Amino acid sequence: MTIRRFLAALPLFPLTMLLGASAPDAGVAPSPAVAPSDAQTLAAAVSALDADAGPVGARALVQQVEAARLAPASPATVGLSPDAGAPLAQAPDAGAAGAPLAATPPDVSPGVPAAPAGQGLDTHPVDARALAEALATKSDVSFEPGMVPPSPVPSREKAPPFGKMQGLPRAQDLVARAKLEGNKLVVKGGKSAPDQVLTIDPGLQASLTKIMQNYQVPYGAAVVLDPSTGRVLAMAEHSEAKPELRGLPIRAVFPAASIFKIVTGSALLEAGVEPETESCFHGGKRSLSERQLEDTDRDGACYSLALAMGKSANVIFAKMTNKHLSADALKRMAARMRFNREIPFAQPLDVSLAYIPEEGFALANTGAGFGDVYLSPLHGALLAAVAANEGRWVDPVLVEPEPFMPLPEPEPVLTPTTAHALTRMLEETVTHGTARHVFRERGFQVKDAVGKTGTLADREPFRDYSWFVGFAPKDHPRVAVAALIVNDPKWRIRGSYLGREALRLALERIPAPVEVTAPAGAAGKH
């Protein structure tokens, strides 16, 4: 949709703040008065906020917006009429410096969902920072669902959202409420509600839970699903630190880390970069600097894009993002992969928020997995399923549908060619990359597995986020998985171990399809 339709449809919290007067000490020129119905004028106003007239000026403004949000909330409410774009209601002091405005819309426009209840984050209709930068970049930008975060994206370094995570209430926790009946988990209905039969495999669920309990993981979650149908076969979790905590598989408070390289890699492939395309680098294992984006004599190693995926080479991904991708291209790929968008599910599922900057180094840093991007374990398994499903997105299913109910049609998000190339890149993780050792352990191999690891840590307090997402077998996928462990400084297992076990145990319980061949003598008979 065009920017005019986007703004007309979106209950927009930061609109009045974007148009409000600047604080004297903010170093930003006061913005001119702008009619909210004129989206082009709004974009020009945001661009004119500073002599720099770009993301820098937008960021300066957004600092005011975020500072204002820390002040006591005003009873004022501001919205935009979906047909005329005129203000619905406005307090007399709306737009004054330091006066925060809160939107309380009756609903949200399609494709721009509000963050679900229980996410435990400060939720407003949109991320002011991302919207302001997008508007300041160009005046005639088209927005698709998911390109602007539906709520402010927390800073990974300054305010990790894990610390504000809330547990899933039992009333919403279908897995916790389900009782074993035969070989099925069943949630009993009420007087007028039918029973709900879950897609969960009770044996697989118990096995994965026991692994996490035996290794006393501080926080852990494992998700297994059928990539072709979206049926969730396991959604296991355990917390030694908080045994009463529930809901880890559906919470999007975990940094996506290098799992986001799946999104970046897909965008690079669609931009024409081949898996065999090489780039040279030095350093960058734990952090990046702007100098590393330039080719220098210090670049002592050269990797192909495929090997860079397998070894999770941050500098390669940053350099290729800087060279081949625009912010718009990465935003669109992330949106297609369901970041910043609601994913339909039988119980509350957090929106995986992703802030993708407009600037060169910040954009490259995000493409390498160091950005403010968050992911739930269930969403992680769905990312792996896209490649397994030849580029098609399938929504997750937790409750067995009635026989007469049609299943939703898969949505193509990658071409089959791109999906196959992505699979080749993910195979490098297991054969030559960061997960090769755990997948080579004698007696525990998983044939033809592919995947991606991710690791990132919070400093204060220390938390080590360890991811694995993947699927197997690569040519005829039967299961897709995601495993996440949040470790203390002393740890017992990492996400790659739990992910391998999820693949191995799931494949043991899901036999390979039997190939039926016609007898040799039947050839040519009718």
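Strands E12 and E13 pair in the antiparallel sense, with 9 bridges between them. One of the residue pairs that can be picked out here is Gly451, whose bridge partner in E13 is Gly470. Before going further, please keep in mind that this is a predicted model. Helix H14, which spans residues 416–431, lies across E12 and E13 and runs at about 65° to E12.

Zooming out from that pair, we find an open sheet of 5 strands in the order E5-E4-E14-E13-E12, with antiparallel pairing. Strand E5 (232–238) and strand E12 (450–458) are its edge strands, and each of them pairs on one side only. From one strand to the next, the twist averages 5°.

## Strand E14 and its partners

How many bridges join strand E13 to E14? There are 9 of them, and the two strands run antiparallel. Strand E13 covers residues 463–472, and with E14 it forms a hairpin that has 6 residues between the strands. To place this pairing in the structure, look for Asp464, whose bridge partner in E14 is Asn487. On the E4 side, strand E4 (residues 219–225) pairs with E14 over 7 bridges, again in the antiparallel sense. A handy landmark for that pairing is Ala221, which stands opposite Leu484 in E14.

Is strand E14 mostly covered or mostly exposed? Strand E14, residues 479–487, is mostly covered, with 9 of its 9 residues buried. Val479, Val481, Ala483, Ile485 and Asn487 point one way from the strand, while Ala480, Ala482, Leu484 and Val486 point the other way; buried residues are found on both sides.

## The three-stranded sheet

Another open sheet has 3 strands in the order E1-E2-E3, and its pairing is antiparallel. Strand E1 (179–181) and strand E3 (196–197) stand at the edges with a single partner strand each, so one side of each is left without a neighbour in the sheet.

Strand E2, residues 184–187, is joined to E1 by 3 bridges, and the two run antiparallel.

## Helices H7 and H16

Two packed helices are described by the angle between their axes and the distance between the axes. For helix H7 (residues 202–214) and helix H16 (residues 495–509), the angle is about 155° and the axes are 10 Å apart. Angles over 145 degrees count as roughly antiparallel, and H7 and H16 are therefore roughly antiparallel to each other. The crossing in which H7 passes H16 is right-handed.

Which residues of the two helices meet? From H7 come Gly203, Leu204, Ser207, Leu208, Ile211 and Met212, and they meet Tyr497, Leu498, Glu501, Ala502, Leu505, Ala506 and Arg509 in H16. Sorted by class, this contact has 9 nonpolar, 2 polar and 2 charged residues.

## Helices H10 and H12

Helix H10 (residues 314–324) packs with helix H12 (residues 360–367) at an angle of about 130°, and their axes are 8 Å apart. H10 and H12 are therefore oblique to each other. Here, too, the crossing is right-handed as H10 passes H12.

On the H10 side, the contact is made by Phe317, Ala318, Thr321 and Asn322, and on the H12 side by Gly360, Leu363, Ala364 and Gly367. By class, the contact has 4 nonpolar residues, 4 polar residues and no charged ones.

## A look at Pro169

Where does Pro169 lie? Pro169 is in the loop between helix H5 (128–137) and helix H6 (174–177). With a relative accessibility of 41%, Pro169 counts as partly exposed, because partly exposed covers the range between the cut-offs of 20% for buried and 50% for exposed. The C-alpha atom of Pro169 is separated by 9.5 Å from that of Leu245, and these two residues are 76 apart along the chain.

## The chain as a whole

The protein chain contains 16 helices and 14 strands. Of its 526 residues, 56% count as buried. Among the contacts between residues at least 6 apart in sequence, 71% join residues at least 24 apart.

Terms used. Residues numbered from 1 in each chain as written. Predicted model: local features only at pLDDT ≥ 70, side-chain atom pairs only at ≥ 80, totals over all residues. Heavy atoms only, no water. Helix = DSSP H or I, 4+ residues; strand = E, 2+ residues; numbered from the N terminus. Buried < 20%, exposed > 50% of the residue type's maximum accessible area, 1.4 Å probe, protein only. Pairing = 2+ DSSP bridges. Axes fitted to C-alpha atoms, helices over the stretch in contact; angles between N-to-C directions. Parallel < 35°, antiparallel > 145°, perpendicular 65-115°, else oblique. Left-handed = near helix turned anticlockwise from the far one by under 90°. Contact = heavy atoms within 4.5 Å. Nonpolar A, V, L, I, M, F, W, Y, C, P; charged D, E, K, R; others polar.
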